[in-house]
Amino acid sequence: MVNKTDFIASLAKGLKVIEAFRAEQPRLSITEVAEATGLDRATARRCLLTLHELGYADYDGKFFTLTPRVLRLGMGAMAAIPLAQLVQPWLDQLSEQIGQSTSVSILDDTEIVYLARAAQRRVMSIGLMPGSRLPAHCTSMGRVLLAALPEPEARAIIERSDLTPRTPFSLTAPAEIMARLGQVRAEGHSLNDQEVELGLRSLAVPLYNIHGRVVAALNTGVAAVHAPAQEMAALYLPPLLKVQEGLRRVLR
């Protein structure tokens, strides 16, 4: 626990403001940031104007938008993670081989965080890159990572997740999602059929380190028109498992 005299409250508030911006909410007003962070409006305003003054946010008089400069805060650290460095060449080769985008992510509470990605073509309406986040409970990689946890821990994460459906195919009942995790655990992979976004199917497998512990997830995302759900495993599981086995010997 950090000593109170060592805790910089203003820094913590500024970071909360930055985290309020999401792919689905790239433009926020002062009031919206205050509501999202729990800060009072005056504090949110000062934080936002400070970010604007330092070049981390644009301001049009009503809405704030983060600038590419904010990537400096995370991209350097993200690129320095050995896991990201190790998997990127494997992703590039796999993506070239199967002709589809591939990604590696880790679990961060109720979300997955993309560590590395090799894109062939855009199949989602939002752009994904290292540092992007998506809900864990309704994504193929998230379910692989949740399935690797003890069941009580996975259930606790699901129960505090925002289970608002993203598409008509999204599972929203914790019991249904837990049952799906059991299936993932038994089969060793996760197939997601348009639960994140209509028109997108994805297939994920866990990535193990040399000690047999799940440290990340690997997936490929495919436009639904290119691969029927019943053919996804036959088409893409063998190459995913080959990369899984190769990385098992080098991940620590």
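Tutor: Arg41 lies in helix H3, where a helix is a DSSP run (H or I) of at least four residues, numbered from the N terminus. This is a predicted model, in which local features need pLDDT of at least 70 and side-chain atom pairs count only at pLDDT 80 or more, while totals for chains, interfaces and linings use all residues. Residues are numbered from 1 along each chain as its sequence is written, and side-chain values use heavy atoms, with hydrogens and water left out.

Arg41 counts as partly exposed because its relative accessibility is 48%; buried means under 20% relative accessible area, exposed over 50%, and partly exposed in between, with a 1.4 Å probe and protein chains only. On the surface, Arg41 gathers with Lys13, Arg45 and Arg46 in a patch of positive charge. Such a patch is made of residues with over 30% relative accessible area and no salt bridge, like charges being joined within 9 Å, and a salt bridge is a side-chain nitrogen of Lys or Arg within 4 Å of a carboxyl oxygen of Asp or Glu. Lys and Arg count as positive here, whereas His and the chain ends are not counted, and the place of a charge is taken as NZ of Lys or CZ of Arg. Helix H3, which covers residues 41–53, supplies the largest share of this positive patch, namely three residues.

Notes. Patch = residues over 30% accessible without salt bridge, like charges linked within 9 Å, V, L, I, M, F, W, Y side chains within 5 Å. Areas by Shrake-Rupley, 256 points an atom, 1.4 Å probe, with all protein chains shown as cover. Helix = DSSP H or I, 4+ residues; strand = E, 2+ residues; numbered from the N terminus.
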